[in-house]
Amino acid sequence: MRQLNWQKSTYSGENMDCIEIASDGHAVRIRESDEPSSVSTTTKANLAAWIRGTKVGEFDHLTL
């Protein structure tokens, strides 16, 4: 895998336990900052669907 430009949400603050995301052309890579070698891959379309679901509260039950 080539060098990726990982970024995290500003909501993560200074903590090292956050989700980071990077784009690799058509694929989107997702990892936890405290376990950078464990990377999940999805498509931009699937990530967009997940973001839409998150915005409308579809996954709120997982964080309560």
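**View 1. The lining of the largest pocket, by residue class.** Five nonpolar, three polar and two charged residues make up the lining of the largest pocket in this predicted model. Here Ala, Val, Leu, Ile, Met, Phe, Trp, Tyr, Cys and Pro count as nonpolar, Asp, Glu, Lys and Arg as charged, and the others, Gly among them, as polar. The lining consists of Gln7, Lys8, Ser9, Ser12, Ile19, Glu20, Ile21, Ile30, Leu47 and Trp50. Strand 1 (7-8), strand 2 (19-24) and helix 1 (44-55) each give two or more residues to this lining, and strand 2 gives the most, with three.

**View 2. The stacked pair of Trp50 and Phe59.** One aromatic pair is counted, with ring centres required to lie within 6.5 Å. The ring centres of Trp50 and Phe59 are 6.2 Å apart and their planes meet at 25 degrees, so the pair is stacked (planes under 30 degrees apart).

**View 3. Arg31 over the face of Trp6.** Look for Arg31 at 3.9 Å from the ring centre of Trp6, lying over its face. Such a charge has NZ of Lys or CZ of Arg within 6 Å of the ring centre and within 35 degrees of the ring normal.

**Notes to the views.** Residues are numbered from 1 along each chain as its sequence is written, and side-chain values use heavy atoms, without hydrogens and water. As the model is predicted, local features need pLDDT of at least 70 and side-chain atom pairs count only at pLDDT 80 or more, while totals for chains, interfaces and linings use all residues.

Note on methods:
Phe/Tyr/Trp six-rings, centres within 6.5 Å; stacked < 30°, edge-to-face > 60°. 1 Å grid on protein atoms, 1.4 Å probe; cavity = no way out; pocket = protein on both sides within 12 Å on 5 of 7 lines; lining within 4 Å. Helix = DSSP H or I, 4+ residues; strand = E, 2+ residues; numbered from the N terminus.
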